[in-house]
Amino acid sequence: MDVSKNSIDSLFADLVHPNPNIRFTACSLLAEQFPEEAMPRLFELMHDPDPGVYRTAVKALGMIGHKSVPELIQLFNASDNGTIRACCIKAIVQVSVCFPDQAFSLETLVMLEKALDDVSPVVAQSALMTLGHLSKQASEQSRVIPLLIKACDSSNIAHVQGAAMSLAELDSPLVNQCLHGLAQDESKDELIREVAQASLERRQSLGLD
């Protein structure tokens, strides 16, 4: 037991090492050998003010995988700190990178949908980028497309642009309907209509329209 504790303590010390290769190895070993024991301490590190520390914790939680997701959702819903909420979303991305074939829970998608309307622009943008990432995965595409379409109804041009760019590469009649409607809706800002038209042209170049 002492050996295990010493090993964990050593790996956590390596998480703040200046060498990124050493940090990556520590993340990998914690996820592989001590996932249950490491998770509480990793969640503590997500509250660290040092960006290097909380980003490494995010990477390690991603390597641990879907067993970290319920606590990520809980922390997202409980925290009033925008940086921490953004970290929760970025950890979801890391989980999907490490486990691309494993679908997320409905609660995860509910969290991402909620995050699209977050008061923090960083959180909202992180959620949009995460949905764009998940839309490329077969296990998530059908569930993510409606959320990206919803984001296209935003008055935030940056959100519409991000959502439309992600949708442009997805093969779905719902996407065609959304982008054509947006491009032709004269009640929308001209820039939004231009973004939709550019996405439609992108689809044509890919043979999707």
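Modeller: Welcome! This is a predicted model, in which local features need pLDDT of at least 70 and side-chain atom pairs count only at pLDDT 80 or more, while totals for chains, interfaces and linings use all residues. Residues are numbered from 1 along each chain as its sequence is written, and side-chain values use heavy atoms, with hydrogens and water left out.

Colleague: Why is the pair of lysine 67 and glutamate 36 called a salt bridge?

Modeller: The term asks for a side-chain nitrogen of Lys or Arg within 4 Å of a carboxyl oxygen of Asp or Glu. For lysine 67 and glutamate 36 the N to O value is 3.7 Å, so the pair meets that definition. Side chains of opposite charge can pair when their charged atoms come close. Searching the whole structure gives seven salt bridges.

Colleague: What makes this pair a tie between separate parts?

Modeller: Lysine 67 is in the loop between helix 4 (51-64) and helix 5 (69-78), whereas glutamate 36 belongs to helix 3 (residues 35-45), so parts 31 residues apart in sequence are tied together. Helices here are DSSP runs (H or I, at least four residues), numbered from the N terminus.

Colleague: Why does lysine 67 count as partly exposed?

Modeller: Buried means under 20% relative accessible area, exposed means over 50%, and partly exposed is in between (1.4 Å probe, protein chains only). Lysine 67 has 42% relative accessibility, so it counts as partly exposed. Glutamate 36, with 48%, is partly exposed as well.

Colleague: How do you know whether arginine 143 and glutamate 140 form a salt bridge?

Modeller: Their closest N and O atoms are 2.8 Å apart, and the pair does form one. Arginine 143 is partly exposed at 30%, but glutamate 140 has a relative accessible area of 0% and is therefore buried.

Colleague: What makes arginine 41 sit over the ring of phenylalanine 12?

Modeller: The rule needs NZ of Lys or CZ of Arg within 6 Å of the ring centre and within 35 degrees of the ring normal. The charged end of arginine 41 is 4.1 Å from the centre of the phenylalanine 12 ring, and it sits over that ring.

Colleague: Which residues does valine 58 touch, and why is it called buried or exposed?

Modeller: Valine 58 lies in helix 4. Its relative accessible area is 6%, so valine 58 is buried. Leaving out residues up to four places away in sequence, valine 58 touches Met46, Cys87, Lys90, Ala91 and Gln94, where contact means heavy atoms within 4.5 Å.

Key:
Helices (H or I, at least four residues) and strands (E, at least two) are DSSP runs, numbered from the N terminus.
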